[in-house]
Amino acid sequence: MSLRTTLPLHLIPDVSELGCYLPVVLPIAWIAVNHESANSYWQWLCSELTFQQLTCHLPFLCAFFFYFGTSLVFFTVDMTNSFQTFKIQTKKKPPTLESYWNCAKLVLFNFLAINLPISYLNYLWLDNAEAARMQVYAALPSAGVIVRDLAVSAVLFEFSFYWWHRLFHYPPLYKIVHKEHHKYTAPMGLAAIYAHPLDHLITNMVSMILGPIFMKMHVAVLCLWGTITVITTVCTHSGYALPGSANAASHDYHHYAFNSNFGVLGIFDWLHGTDKGSKEYEAAIRRRIGREKVAKVDKVSKDE
Ligand SMILES: [Zn+2]
Ligand SMILES: [Zn+2]
């Protein structure tokens with residue numbers, strides 16, 4: 001296994017993808033500017049909700065609502081054949097209502113059988129330690145601390161997700177655990193956690209909770225972290241390279257080519273050389289989308 005020595009300049013996001021950072025930047029910027037108001041709102045929530053609602057229901061519902069909300073946006077795009085210029089795998093037929101329904105059943109099961117008990121464990125764990133219990137009611141952390149906690153969580157997520165995902169591509173494990181997630185060679189947003197429950201528990205959830213545990217994350221920041229991770233994963237499975245959306249082409253290539261791009265941010269794929277063909281695939285998609293946009297503009301000006 002060899003490590004790269006060149007700089008990973010290709011990991012710097014394209015200008016068209018920067019909009020995907022708005023769900024992260026906007027709440028943090030708002031907290032930075034209005035820390036007192038944000039803190040008053042959190043204290044109001046603390047006074048209105050029970051400890052179990054704050055530590056179990058709230059993180060679960062944030063992830064649940066934003067997962068299905070973002071999936072609904074891409075479902076509408078699929079069903080109305082909108083934004084076809086930005087479709088990544090143009091030769092694949094759009095998903096049918098039946099495939100959406102089949103996908104929704106396993107996704108819902110994973111949310112209820114895996115995410116909900118983990119949220120409940122979060123409540124039990126915090127409830128049993130006096131210091132941790134008091135921290136829930138503490139003031140909201142500053143914007144700097146939030147950025148630090150999210151950045152560390154993102155790196156830990158990338159490390160854990162990359163290695164578990166790569167391990168589950170080992171043929172005997174792939175057949176039993178990970179094959180389910182690869183049912184869709186051209187993925188759709190809702191299928192982001194369409195996976196064997198064990199795969200969802202280990203690859204997704206263990207990777208997701210490492211940062212909050214390690215950083216002793218404030219529950220309000222945990223809700224933000226959960227929201228960011230579900231929006232990102234739905235966007236990267238959407239099948240569309242929409243401007244302002246997370247880089248979907250990278251993980252789409254994993255579903256298409258199967259043995260490339262095991263991570264999310266691309267750091268460990270670059271380090272271990274498991275990103276072969278990815279740059280070319282993403283560049284080809286950008287060129288094709290650019291050509292189609294120019295052709296559309298030309299058609300409109302000719303019609304006028
Ligand atoms: Zn995979
Ligand atoms: Zn996937």
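Let us start with one residue: V234 touches Y67, T70, S71, F74, G189 and A192, leaving aside residues up to four places away in sequence. Here, contact means that two C-beta atoms, placed from the backbone, lie within 7 Å.

This is a predicted model, in which local features need pLDDT of at least 70 and side-chain atom pairs count only at pLDDT 80 or more, while totals for chains, interfaces and linings use all residues. Residues are numbered from 1 along each chain as its sequence is written, and chains are lettered from A and ligands numbered from 1 in the order in which they are written.

The protein chain has 12 helices and zero strands. These are DSSP runs numbered from the N terminus (helices: H or I, at least four residues; strands: E, at least two). Of its 304 residues, 37% are buried, that is, 20 or more other C-beta atoms lie within 10 Å of their own, again placed from the backbone.

V234 is also among the residues with the most contacts inside the largest nonpolar core. A nonpolar core is a set of buried Ala, Val, Leu, Ile, Met, Phe, Trp, Tyr and Cys residues joined through C-beta atoms within 7 Å.

| Core | Size | Residues include |
|---|---|---|
| Largest | 47 residues | Y194, V221, Y240 |
| Second, separate | eight residues | F157, I209, L265 |

In α9, 18 of its 18 residues are buried.

Methods. A residue is buried if 20 or more other C-beta atoms lie within 10 Å of its own, exposed if 12 or fewer, and partly exposed in between; C-beta atoms are placed from the backbone.
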